[in-house]
Amino acid sequence: MNRVSKHFSLALAGLLAVTAVAGDLKIGVAEALTGGAAQYGVPIRNGFQLAADEINAKGGVNGNKLVLVIEDEQGKKEEAINVFKKLIFQDKVLMIFGPTLSNSMFAAGPVANAAKVVAFGTSNTANGITEVGPYVFRNSVMESDVLPVTVSTAVKHYKIKKVAVIYGNDDAFTKSGYDVFKKVLEDQKIPVTTTETYVKGDVDFKAQLTKIKATNPDAIICSGLAEEAANIIVQARGLGLKVPFIGGNGFNSPKMFEVSKTAGEGTFVGSPWANTNPNAANQHFVAAYKAKYGSDPNQFAAQAYDAMTIAAAALKTVKITGNLPADRQALQEALPKVSITGATGPFKFRQAAPKDGKPSGYDADQKPFIYVIRDGKFVLFTGK
Amino acid sequence: MAAFADFWATYSTLVYSVGIHALLALSLWLTLSCGLLSLANAAFMGIGAYTAALLTLNLHWPFPAALLGGAVAPAVVALIIGAPTLRLSGVYLAMATLAFGEVTRILILNLQITGGPEGLNGIPLLTTGWYIVVILAVAGYGLARIRRSRLGRAFEAIREDEVAARLMGINVESHKLAAFTLGAVLAGVAGALNAHFTFFISPREYGFENAVDILTMTILGGTTSLIGPVLGASILTLLPELMRFLHAYRLAVNGLILVVVVLFLPTGLWDARRFRQLLKNRRARKGGQP
C-alpha cells in the first residue's frame with residue numbers, strides 16, 4: 001500500500017504546515033481523469049508526466065526535481081474547486097496545471113487567483129477565462145485566433161463566395177466556436193446563406209442538410225464535436241452535397257475518420273499543433289510519447305507537454321527561497337517572460353485586456369496550423 | 001488553530017456543499033412527505049440559482065435580497081405548473097416533473113440573458129458559512145414544526161391514503177400544492193447559495209442527473225425523519241472526497257457502498273423505528289439472562 005502511505009504522509013506534511021522538502025518543486029495537476037472529459041484529461045496528464053520525467057532525467061530544474069501531485073477533478077466544477085483548494089492549502093504546490101474544461105476553470109480559477117497561485121490551463125479555449133485575474137494563464141490557443149486563419153485560407157483556396165453554417169447549440173464549446181465563426185464571417189464579409197443547429201446526441205442531420213443544399217452554398221462551416229461532425233459530413237455526401245467543409249477545433253480528433261472514412265476530403269481545419277510539424281522539439285515529443293504510452297499523442301498532450309516546458313523555463317529563472325507565498329509570486333512574475341519553441345512551435349504569452357479596470361491573466365500568442373483532409377488523413381496545408 | 005485554519009482553507013467548499021445538498025435533500029423530503037415523487041427539484045434549484053445570480057450580477061442587489069428572489073421565483077413557477085401536474089400521481093407525476101425539468105434546462109440553454117450553454121461566470125463570492133448554517137437551521141426547525149402541525153399531519157394522511165384523507169375533509173389539492181411549492185422554495189434557496197460560492201453556473205448542472213442525485217441522497221438517508229436526508233446528503237458528498245486516495249477506483253467503491261446500503265437497509269440509513277426495535281431487542285435479551 002505504497003500509494004496509501006504516500007498519500008497519508010502528504011496529508012500529514014500538509015497538516016503540520018511543513019514546506020516542501022528542499023530540492024523538490026511541487027506542482028499540482030488537476031485534470032479530469034474520470035467521467036466524460038477524461039478523453040481530454042488523460043492525454044493531458046500523460047503530456048505533463050512525459051515532460052516532467054524528461055526534465056528530471058536531465059537533472060531537474062537548477063538541480064531541483066519536479067514532483068507532480070496529480071488529482072482527478074472529474075470535469076465537475078465543485079470537484080475542481082475542491083481539488084484546487086487541496087493542492088493550494090494542503091499539498092502546498094508552487095502552481096497548478098488544469099483544470100480540463102473551461103467551465104471548471106471559471107469555477108476554480110478565482111480560487112487560485114485569490115490565493116495568489118498560478119492556475120495554468122492547457123485546454124481551456126473559452127473566451128473570458130483569463131479575465132478571472134493575473135494568476136490565470138493558458139497556452140491553449142483561443143478559437144478567435146485560429147478560425148480567422150482557417151476561414152481566410154479556405155476562402156482563398158476554394159474561391160468561396162457564400163457559406164452555410166451548422167453548429168451544436170447546447171454545448172459551450174461548439175456554441176462559442178459558432179460565435180467566433182459568425183464574427184469572422186462578418187469581418188471577412190462572406191454572406192451566410194442559412195444557419196442551422198442541432199443538439200448533442202443527434203444522429204440524423206438530413207433535415208438541416210436538405211435546407212442547406214437548397215441555398216446552394218460554396219462551403220459549409222461546421223462548429224461541432226468530432227462524433228457529430230463526422231455524421232454531418234457523411235450525410236451531406238449522401239444527399240449529394242459535394243461542397244467542402246470548414247471545421248472548428250472539435251474536428252481535431254482521430255474519431256473523425258472512424259465514421260466519415262474518406263467522405264471528409266478537402267475539409268479545412270485549424271489547429272495549434274501539427275503531428276507532422278518537422279521542428280525538432282515536436283519530432284522528439286511525438287516519438288517519446290509513442291514510446292512511453294504506446295499510442296499517438298494528440299493536440300491536448302502536446303499542449304500539456306509544452307506547458308510543463310514553459311513552467312520549467314520560468315522556474316529556472318526563479319530563486320526558490322522556501323517561503324511559499326514569495327516563491328509562488330516569483331513564479332507568477334517569471335512566467336510571462338518565457339518564450340520557447342516547443343511541440344506546438346514558437347510560443348509566448350500575451351496579457352489579456354483588463355476587465356473592469358482589473359488586470360487580466362495571460363493568453364497564448366501563437367500561430368495556428370491549417371490542415372486539409374486528404375485520403376482520410378490530416379495533411380498540413382502548404383498552399384497547394 | 002493553525003491546523004484548523006489549514007483544514008478550513010482546504011475543505012470549506014466541501015463543507016458548504018454538504019449544507020447545500022442537505023437543503024436539497026430536505027426540499028425533496030418535504031414533497032415526498034406528501035406522497036409526491038417529484039423530479040423537478042433540480043430545475044427549481046436552477047431557477048433559484050439563475051435568478052439570484054442575475055440579480056447580483058446585473059442589478060447589484062444585496063445578497064439577502066437576491067436570496068429572497070431565488071426563493072420567490074421557483075415558488076411562482078411551482079404554483080403555475082403545480083396546479084395542472086399535481087393531479088397526477090406516482091410514476092406519472094415523476095414523468096411530468098421530469099419533463100418540466102428538461103423544459104426548464106432547454107429554456108435556460110436557449111435564452112440570451114442566461115448566457116446559453118456557456119452559462120454565467122464571474123458570480124461574486126457572497127455565500128459564507130453563516131448563511132448556510134442559519135438557513136439550514138431555520139429550514140430544519142421549520143420542517144420539524146410543520147411535521148408535528150396540522151399541515152404535516154395532513155401531508156402524512158395524504159401520503160398514506162389519498163381517498164381516506166379526502167373523506168376526512170382534507171383539501172388534497174391545496175395541500176399537495178403547498179408541499180410542492182415549499183419544496184421549490186428550499187431548492188431555489190439552495191441553488192442561490194450554491195451559485196454564490198462556485199463563481200459559475202451552467203444549464204447542465206440542473207438536469208436529470210442532478211434530479212436523481214437529490215433523490216438518491218434523500219432515499220439513502222431515509223425518509224422517515226428529518227435526520228435521514230441530512231445524513232444521506234452528508235455521506236454522498238463526503239464519501240467521494242474521503243476516498244480520494246483510492247484514485248481511479250473511488251467511484252466504483254462509492255457505487256458499491258450505495259448498492260450495499262440499499263440492499264441491506266431498504267428504508268434508508270436512518271430509520272428511527274429500526275433503532276427503537278434494536279434497543280428493545282437488546283433490553284429483552286439482557287432481561288432474559290439469568
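This is a predicted model: local features need pLDDT of at least 70, side-chain atom pairs count only at pLDDT 80 or more; totals for chains, interfaces and linings use all residues.
The domain assignment divides chain A into domain 1, which is made up of the segments 3-141 and 277-367, and domain 2, which covers 143-271. The C-alpha centres of domain 1 and domain 2 of chain A lie 32 Å apart. Where these two domains touch, seven residues come from domain 1 of chain A and nine residues from domain 2 of chain A. On the side of domain 1 of chain A that touches domain 2 of chain A, two residues are nonpolar and five are polar, while no charged residues are found there.

Strand E6 of chain A (residues 163-168) and strand E7 of chain A (residues 192-198) are paired in the parallel sense through five bridges. Within this pairing, A:Val165 is placed opposite A:Thr195 of E7(A). Together with helix H6 of chain A (residues 172-187), E6(A) and E7(A) form a right-handed β-α-β unit.

The largest nonpolar core holds 196 residues, of which A:Phe84, A:Ile96 and B:Leu23 touch the most other members. Helix H8 of chain B (residues 172-198) gives the most to this core, with 14 residues. Because domain 1 and domain 2 of chain A both give residues to this core, it lies between them. When neighbours within four places in sequence are left aside, the contacts of A:Ile96 include A:Gly28, A:Ala30, A:Phe84, A:Leu87 and A:Phe120.

Several backbone features occur in loops. The peptide bond leading from A:Gly98 to A:Pro99 is cis, with omega near -5°, and A:Pro99 is found in the loop between strand E3 (95-97) and helix H4 (102-114) of chain A. Most residues other than glycine have a negative phi, and most peptide bonds are trans. A:Asn62, although not a glycine, has a positive phi of about 50°; A:Asn62 lies in the loop between helix H2 (38-57) and strand E2 (65-72) of chain A, and counts as partly exposed, with 14 C-beta neighbours inside 10 Å. In chain B, B:His60 likewise has a positive phi, of about 55°, although it is not a glycine. B:His60 lies in the loop between helix H2 (41-58) and helix H3 (63-85) of chain B, and is exposed, with 9 other C-beta atoms within 10 Å.

Methods. Residues are numbered from 1 along each chain as its sequence is written. Chains are lettered from A and ligands numbered from 1 in the order in which they are written. Two strands pair if DSSP finds at least two bridges between them. Helices (H or I, at least four residues) and strands (E, at least two) are DSSP runs, numbered from the N terminus. A crossover is right-handed if, with the strands pointing away from the viewer, the path from the first strand over the helix to the second runs clockwise. Domain bounds come from an automatic or database domain assignment. Ala, Val, Leu, Ile, Met, Phe, Trp, Tyr, Cys and Pro count as nonpolar, Asp, Glu, Lys and Arg as charged, and the others, Gly among them, as polar. A nonpolar core is a set of buried Ala, Val, Leu, Ile, Met, Phe, Trp, Tyr and Cys residues joined through C-beta atoms within 7 Å. A residue is buried if 20 or more other C-beta atoms lie within 10 Å of its own, exposed if 12 or fewer, and partly exposed in between; C-beta atoms are placed from the backbone.
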